[in-house]
Amino acid sequence: MDFTLVVEQTLNGLQLGVMLFLLAAGLTLVFGIMNLVNLAHGSLYMVGAYLATWFYQLTGSFALALVLGLAGTLLVGVVVELVALRTLYERDHLDQVLATFGLILFFNELIAILWGRAAIYSTLPEFLSGHVQLAGNLRYPLYRLLIIGVGLAVALLLWFVVSKTRLGMLIRAGASNRAMVAALGVDIRLLYTIVFGFGAALAGLAGLLAGPIFAVQPGMGEMILIQVFVVIVIGGIGSIRGAFLGALIVGMVDTLGRAFLKPALSAVISPAAGDAAGPALASMLIYLLMAAVLAFRPEGLFPVRGGS
Amino acid sequence: MKKTTGSTLAALVAAAALSMSFAAPAFAQQKVKIGFISTFSGPGGVIGADMKNAVELALDHLGRKVGGLETEVIYGDDQQKPDVGKQVSDEMVKKHQVNFVAGVIWSNVMLAVAPSVTNAGTFMIGTNAGPHQLAGEACNELFFTTSWQNDQTPEAMGKYMQDAGLNDVYLMAPNYAAGKDMLTGFKRTFKGRIAGEVYTTVNQPDYQAELAQLRAKNPKAVMVFYPGGMGINFLKQYSQAGLRGQFPLYSVYTVDELSIPAVKHAALGQLETRYWSQDLKNEANVKFVGDFRKKYDGKTPSFYGAQSYDGILLIDSAVRAVKGDLANKKGMIAAMRKADFKSTRGKFTYGHNHFPIQNFYLLKAVAGASATADPVMEVQKTVFTNYKDSYGGHCAMKW
């Protein structure tokens, strides 16, 4: 098999992985620390994509659009937490699922009212639309490399915040034993707002990075949210490390499966079998993986130590 | 004596009941009721909005009177789900007692809706989906469509690429019934070498992995079917991957007036086949496109709109032919079979399975009139003239 192609597909897997990580990090923190099932996480991703696209059209500056989009999503996240989610922490998961599903409908309609139902125009700035010659005949799109770079940088930053700062210590403590943290006099409400706001900002970051390459339209968040849930189940709920490694595993398995499963099946069994089973199996792979993890390691591959 | 009075009374009651039962439909006949089903929410909602706009424009053109009668159009949202579509159509037929059900974008929704409407003795006027079952063994005298049979469009593309002498064509489509039908239709007329055939997950947002595989195969041309939002993702990424200049891209139902505003220059040069285009120069189409732009601040209609506009005109022609006697279904069937209305595609006829026999054109996305304008789809050449679908042979209907 062509070595260049394998390297390229590995890069594609990495790129999908870091994108999923940006979404999974916020979701897993909110779930792990606040014990809140937030189905509307994908809506924040959509909000990030719309705000960044809109600001880019208004200002003409991609960098400025990123900053404003990020700040805007952070703000939206904080408002959602203060207005809607605060009342849900003590309720059971079914109530949370219903309420955050309502938020999905609310955000999709709001976006449709503000920008219409049709996908809006979004594109790469000129200086990011080129390709980079990595080695031999391997050319990789610059923007996709940028996504990988940003994702890894965010992962590093998160690792630093979570394991080296006081805020991170509280977050870890909150994930392990919420009641104890509250009993020690920490303002848990403020901590929740901060965590949710940053989770929203990370989802927004994923959305604004996705804007130029995907269709920016109402409902775009739900398409990716399911994979994100798979990531946090595989990685272990509440664990940043689990979200990172889980996202890379899911990104790799999904991409390599889509790329090489059909040719592999064709070579090993028969071309007919490859044609028939390849695409179906490739789209199932990450769910099969999740089922296996749930069967053998129900707490995920990289669970949080302790736990409440 | 008593007995006679009783029977007289009974007769009177019966007569009264009879006259009332006659009076009721006579009263109802003052009004045509049309139930229009489409997708008005979710990502598919943009298509439904275009169809509804076109229906409203058709009503404007008819002075809000279909067939000269008071008209009520009830819109129903199928949410792109077959079960919801069937529920909505049942409600229209039973509760609202509509005379016609029209619309429906998706083939799987249509397969759930059409039989239940026609079984209830109500007309079904399809204005998009053309699943092969309804053109073949499941054809019905109460079912008409103003669109096409699914396979026809890719067959036209296959014919064009065959005639152009292309070889080593790489095919891509989402992995569901219509995706497979499209590629089957393409291969019915395209006999050259196929370099690869790839099915992707429905609504998958990222095609980077598949595009890398495509580049490695180094085909001579690429032919895809990616409707709706999938097409927007695919076109953007195809351009961004630098493949636009490398492998010529051909498509069906992927680039249209609804997706172009979201991709703009990434659509430039795209070749599609279609039975209709906004620049067709017949009188009805010039009026339709011009008035549509006037009514909906400069928006260009898509083929979804054109078909829906035609659907209302087809109903109008039928109601006119029976002079508003909506109980005369035989008369209306006979009238519709003549396709006697000013269609946006120009003159066409109906095959015996009630699917249009019509022309198919090669369209290209070319630069708009000004530097800032969006690309527009324009007719390049005629691929098929008076083209019939491939399933009519399985339809037992005769006329």
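**Figure 1. Helices α1(A) and α5(A) pack about 9 Å apart, axis to axis, at an angle of about 40 degrees.** The view comes from a predicted model, as do the views that follow. Helix α1 of chain A covers residues 3–34, and helix α5 of chain A covers residues 142–164. Angles under 35 degrees count as roughly parallel and 65 to 115 as roughly perpendicular, so α1(A) and α5(A) are oblique to each other. The crossing of α1(A) past α5(A) is left-handed. From α1(A), the contact draws on Leu14(A), Gln15(A), Val18(A), Met19(A), Phe21(A), Leu22(A) and Ala25(A). From α5(A) come Arg144(A), Ile147(A), Ile148(A), Gly151(A), Leu152(A), Val154(A), Ala155(A) and Leu158(A). By class, this contact has 12 nonpolar, 2 polar and 1 charged residues.

**Figure 2. Helix α1(A) also crosses α10(A).** Helix α10 of chain A spans residues 240–268. The two axes come within 7 Å. Their crossing angle is roughly 145 degrees. This crossing is right-handed, whereas that of α1(A) and α5(A) is left-handed. The contact of α1(A) with α10(A) divides into 16 nonpolar, 9 polar and 1 charged residues.

**Figure 3. Helices α2(A) and α3(A) cross at roughly 140 degrees.** Helix α2 of chain A runs over residues 41–59, and helix α3 of chain A over residues 62–85. Their axes come within 8 Å. The crossing is right-handed. On the α2(A) side stand Leu44(A), Val47(A), Gly48(A), Leu51(A), Ala52(A), Phe55(A), Tyr56(A) and Thr59(A). They meet Phe62(A), Leu64(A), Ala65(A), Leu66(A), Leu68(A), Gly69(A), Gly72(A), Thr73(A), Val76(A) and Gly77(A) in α3(A). The contact of α2(A) with α3(A) has no charged residues; it has 12 nonpolar and 6 polar ones.

**Figure 4. Strands β1(A) and β2(A) form an antiparallel hairpin.** Strand β1 of chain A is residues 131–135, and strand β2 of chain A is residues 138–141. They are joined by 4 bridges. His131(A) in this pairing lies opposite Pro141(A) of β2(A). The hairpin has 2 residues between the strands. Gly136(A) takes a positive phi near 50 degrees there.

**Figure 5. Chain B carries an open sheet of 6 strands.** The strand order is β2-β3-β1-β4-β5-β6 (chain B), and the pairing is mixed. At the edges stand β2 (65–66) and β6 (143–145) of chain B. Each has a single partner strand, so one side of each has no neighbour in the sheet. Within the sheet, β4 (residues 100–103) and β5 (residues 123–126) of chain B run parallel, joined by 4 bridges. Ala102(B) has Ile125(B) in β5(B) as its bridge partner.

**Figure 6. Domain 1 and domain 2 of chain B have centres 28 Å apart, taken over C-alpha atoms.** Both domains are made of two segments in the domain assignment: 29–148 + 280–347 for domain 1 and 152–274 + 363–387 for domain 2. The contact between them takes 14 residues from domain 1 of chain B and 12 residues from domain 2 of chain B. On the domain 1 side, α2 (45–61) and α4 (107–119) of chain B each supply at least two residues. Helix α2(B) gives the most, with 3 residues. That side divides into 7 nonpolar, 6 polar and 1 charged residues.

**Figure 7. Chain B meets chain A.** Here 29 residues of chain B are in contact with 30 residues of chain A. On the chain B side, two or more residues come from each of α2, α8 (208–217), α9 (229–240) and α10 (260–263) of chain B. By class, the chain B side has 13 nonpolar, 12 polar and 4 charged residues.

Technical notes:
Residues are numbered from 1 along each chain as its sequence is written. Chains are lettered from A and ligands numbered from 1 in the order in which they are written. This is a predicted model: local features need pLDDT of at least 70, side-chain atom pairs count only at pLDDT 80 or more; totals for chains, interfaces and linings use all residues. Domain bounds come from an automatic or database domain assignment. Two residues are in contact if their C-beta atoms, placed from the backbone, lie within 7 Å. Ala, Val, Leu, Ile, Met, Phe, Trp, Tyr, Cys and Pro count as nonpolar, Asp, Glu, Lys and Arg as charged, and the others, Gly among them, as polar. Two strands pair if DSSP finds at least two bridges between them. Axes are lines fitted to C-alpha atoms, for helices over the stretch in contact, and angles run from 0 to 180 degrees between N-to-C directions. Angles under 35 degrees count as roughly parallel, over 145 as roughly antiparallel, 65 to 115 as roughly perpendicular and the rest as oblique. A crossing is left-handed if the near helix is turned anticlockwise from the far one by less than a right angle, and right-handed if clockwise.
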